[in-house]
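Open your viewer and keep the selection tool at hand. We will go stop by stop.

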Amino acid sequence: MSNIEIEGLDELLKNLNKLAKEIPDVAEEELADIALDLGSKSSKAAPVESGDLRGELAIPRRKGPMHWQVGSSLPYTRRQHEGIHFNFKRGGGAKFLERPFRENQSVYIKRIKDVLKGALNV
């Protein structure tokens, strides 16, 4: 008869449970930081008249676990965002959400990867 004995499963299970608790926390914190960064960049890129649009964009909203939203509920937001032919005399411009996201997309992905690798000690 042959027997195989495996040691360390209790420690492995303990470490896996610890990771299961830590990973969502570090990922959520990084997503919040990314949402704040994107909100700031989008706010600076938005056209300005009264400042309301820039103000709303600068404050991301947490919609749920791992779910952040950067944007504005102002009725003219979409028109301003898509207004590539508008003459924004006081600064900012169209695509004020899309442009900063595209310019920083790879940085945001790397940040998430790095924080997860750090939590896993990889």
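Select E28 first. E28 has a relative accessible area of 14%, so it counts as buried, the cut-off being under 20%. Keep in mind that this is a predicted model.

Show both side chains. E28 and R62 meet in a salt bridge, 3.1 Å from N to O. The pair ties together distant parts of the chain: E28 sits in helix 1, R62 in strand 1 (residues 61-64), and 34 residues separate them.

How many salt bridges does the structure hold? There are seven. Let us visit some others.

K41 is partly exposed at 30% relative accessible area, and D37 is partly exposed at 23%.

Next, select K95 and E98. Here the salt bridge is 3.6 Å, N to O. K95 has 23% relative accessibility and counts as partly exposed. E98, at 30%, is partly exposed as well. Together, E82, K95, E98 and R102 are linked in a network of salt bridges.

Move on to helix 4, residues 98-120. Does its length fit its residue count, or what span should you expect? At 1.5 Å a residue, its 23 residues should span 33 Å; the end C-alpha atoms are 32 Å apart, so the two agree. Now centre the view on N104. Helix 4 has a kink of about 55 degrees there. N104 is also one of the buried residues of this helix, along with P100, Y108 and A119. Step past the end of helix 4 to N121, whose phi is positive, near 55 degrees.

Last, look for the nonpolar cores. Select A45, A46, L53, L57, L74 and F96: these six residues make up the largest one. Another core lies apart from it, with five residues, among them A35, L38, V70 and Y108. Finish on L74. Leaving out residues up to four places away in sequence, L74 touches D52, L53 and E56.

Technical notes:
Residues are numbered from 1 along each chain as its sequence is written. This is a predicted model: local features need pLDDT of at least 70, side-chain atom pairs count only at pLDDT 80 or more; totals for chains, interfaces and linings use all residues. Side-chain values use heavy atoms; hydrogens and water are left out. A nonpolar core is a set of buried Ala, Val, Leu, Ile, Met, Phe, Trp, Tyr and Cys residues joined through side-chain atoms within 4.5 Å. Buried means under 20% relative accessible area, exposed over 50%, partly exposed in between (1.4 Å probe, protein chains only). Contact means heavy atoms within 4.5 Å. Helices (H or I, at least four residues) and strands (E, at least two) are DSSP runs, numbered from the N terminus. The expected span of a helix is 1.5 Å times one less than its number of residues. The bend at a residue is the angle between axes fitted to the seven residues ending there and the seven starting there. A salt bridge is a side-chain nitrogen of Lys or Arg within 4 Å of a carboxyl oxygen of Asp or Glu.
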